[in-house]
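Student: I'm new to this structure and would like to learn how to read it. Could we go through it together, one feature at a time?

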Amino acid sequence: MKRSLMMGTLLFLATLTAHAQAQTQSEKGVVEQIRKLDQERIKAQVTADSAALDRIYADDFIGIGPSGTVRTKKEVLADFASGSLKFQSITTDDVRIRVYGDTAVETGLSTMKGQDAEKVVPEENRFTRVWIKQGGKWRLVSNHYSNLVKHQ
């Protein structure tokens with residue numbers, strides 16, 4: 001009896017460990033997908049590629065820029081197409097991506113050189129992005145920037 005209880009416990013623990021490892025592998029795959037998509041998003045913003053941005057952004061996307069400007073997907077695409085929003089470069093650092101099922105939250109530091117309606121975009125910002133899986137594809141549903149505050 002003790003032996004079968006011990007074997008059952010060991011089997012249960014092995015199953016839990018295998019499940020945890022599979023989940024970790026799955027999350028790593030999602031993190032890599034999000035990193036790749038975010039690099040595509042950055043490239044699309046620098047080149048004003050509205051078709052790529054249309055594919056990456058969810059239809060109900062809401063973005064909040066470092067100056068507090070709120071834009072829908074339609075407004076973002078129109079601003080890139082018109083040239084009122086343009087970037088010469090965008091880099092990210094200190095990026096963390098946490099996965100919660102069909103949702104991923106990405107945070108980090110963004111350094112941007114660009115113009116928004118003829119005003120210089122604040123160069124150093126902290127960001128939070130929310131990605132969701134829709135129709136089997138990851139889409140950016142929300143993006144929020146805050147000016148970086150440097151502690152002295």
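Tutor: Gladly! Let's begin with a term: a polar contact is a pair of N or O atoms within 3.5 Å; within protein, one must be able to donate a hydrogen and the other to accept it, and residues adjacent in sequence count only if both atoms are side-chain atoms. Here, the side chains of K113 and E123 make such a polar contact at 3.2 Å.

Student: What kind of model is this, and how are residues numbered?

Tutor: This is a predicted model, where local features need pLDDT of at least 70 and side-chain atom pairs count only at pLDDT 80 or more, while totals for chains, interfaces and linings use all residues. Residues are numbered from 1 along each chain as its sequence is written, and side-chain values use heavy atoms, with hydrogens and water left out.

Student: Which other residues is K113 in contact with?

Tutor: Contact means heavy atoms within 4.5 Å. Leaving aside neighbours within four places in sequence, K113 is in contact with F87, Q88, S89 and E123. The C-alpha atoms of K113 and S89 are separated by 5.2 Å, although these residues are 24 apart along the chain.

Student: How many helices and strands does the chain have?

Tutor: Helices (H or I, at least four residues) and strands (E, at least two) are DSSP runs, numbered from the N terminus. This chain has 3 helices and 7 strands, in the order α-α-β-β-α-β-β-β-β-β from the N terminus. K113, for instance, lies in strand 4.

Student: How do I read strand pairing?

Tutor: Two strands pair if DSSP finds at least two bridges between them. Strand 6 (residues 124–134) pairs with strand 7 in the antiparallel sense over 10 bridges, and K133 stands opposite W138 in strand 7. These two strands form a hairpin with 2 residues between them, and G135 in the turn has a positive phi of about 55 degrees. Strand 6 also pairs with strand 4, again antiparallel, over 9 bridges; there V105 stands opposite V130. Strand 7 (residues 137–147) runs parallel to strand 1 (residues 57–64), joined by 4 bridges, with I62 opposite S142.

Student: What surrounds R129?

Tutor: R129 is found in strand 6, and its bridge partner in strand 7 is N143. The side chain of R129 also makes a polar contact with that of D38 at 3.2 Å.

Tutor: Look at contacts between residues at least 6 apart in sequence: 50% of them join residues at least 24 apart.
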